[in-house]
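Hi,

Here is the structure I promised to pass on.

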Amino acid sequence: MTTEQEQTTARLLELALERNAIRYGDFTLSSGRKSTYYFDGRLLSLDPEGAHLIGKAILPVLNDAGVAAIGGPTLGADPIVAAVAMASWQHGTPLPAFIVRKEAKEHGTAQLLEGPIPPPGTSVAIVDDACTTGGSLFHAIAAAEGAGCTVALVMAVLDRNEGGSDTIRLRGYRFASLLAAGTDGSIRPSGE
């Protein structure tokens, strides 16, 4: 990670605390697991500065991975992929974004992927706001691969370090995050 990326990620963590995107207490996560902290990624990705920082921090990682598009599971990834697509345009390295539905819609074209769907063979990144068990990321990976794409990178704003990122790596995917949680629930900037 470059010094500029480190500064961007450090500011993202500060903003997460300022916006109460990280809260401590007793919480039940979407995976059903219990946690002493809660990360609400949308409080960052839907915040003007947060969206800017996320796009700015993720884009160099995607460029280094050589991907041609970015996608992720709805709802957590929706603002993230939009922020990265905008940052990529401003940087002169445009990356189209797509969203993976929970289920294929039952009307119209019955698509599971929405947005500019990459042609088969395209190298893509799959992102989400957080990775706990990796369930929503695996759903998005399967949908992208089902469309003929090659998943070159899987990424999260926060790696909760509860097994999901390890499973992603064990299945042969490169994984990166901007922030990582310690066993005590402390959150810090992360490298790969």
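**What I found**

Taking contacts (heavy atoms within 4.5 Å) in the protein chain between residues at least 6 apart in sequence, 58% join residues at least 24 apart.

Before you go on: this is a predicted model, where local features need pLDDT of at least 70, side-chain atom pairs count only at pLDDT 80 or more, and totals for chains, interfaces and linings use all residues. Residues are numbered from 1 along each chain as its sequence is written, and side-chain values use heavy atoms, with hydrogens and water left out.

The protein chain has 6 helices and 9 strands (DSSP runs, H or I of at least four residues for helices and E of at least two for strands, numbered from the N terminus). Of its 192 residues, 48% count as buried, meaning under 20% relative accessible area, with exposed being over 50% and partly exposed in between (1.4 Å probe, protein chains only).

Arg33 counts as partly exposed because its relative accessibility is 35%. Beyond its neighbours within four places in sequence, Arg33 touches Phe27, Thr28, Thr132, Thr133 and Glu162. With Glu162, the Arg33 side chain comes to 2.7 Å from the backbone oxygen. Thr93, on the other hand, is 60 residues from Arg33 along the chain, and their C-alpha atoms are 39 Å apart.

Cheers

How values were computed. A polar contact is a pair of N or O atoms within 3.5 Å; within protein, one must be able to donate a hydrogen and the other to accept it, and residues adjacent in sequence count only if both atoms are side-chain atoms.
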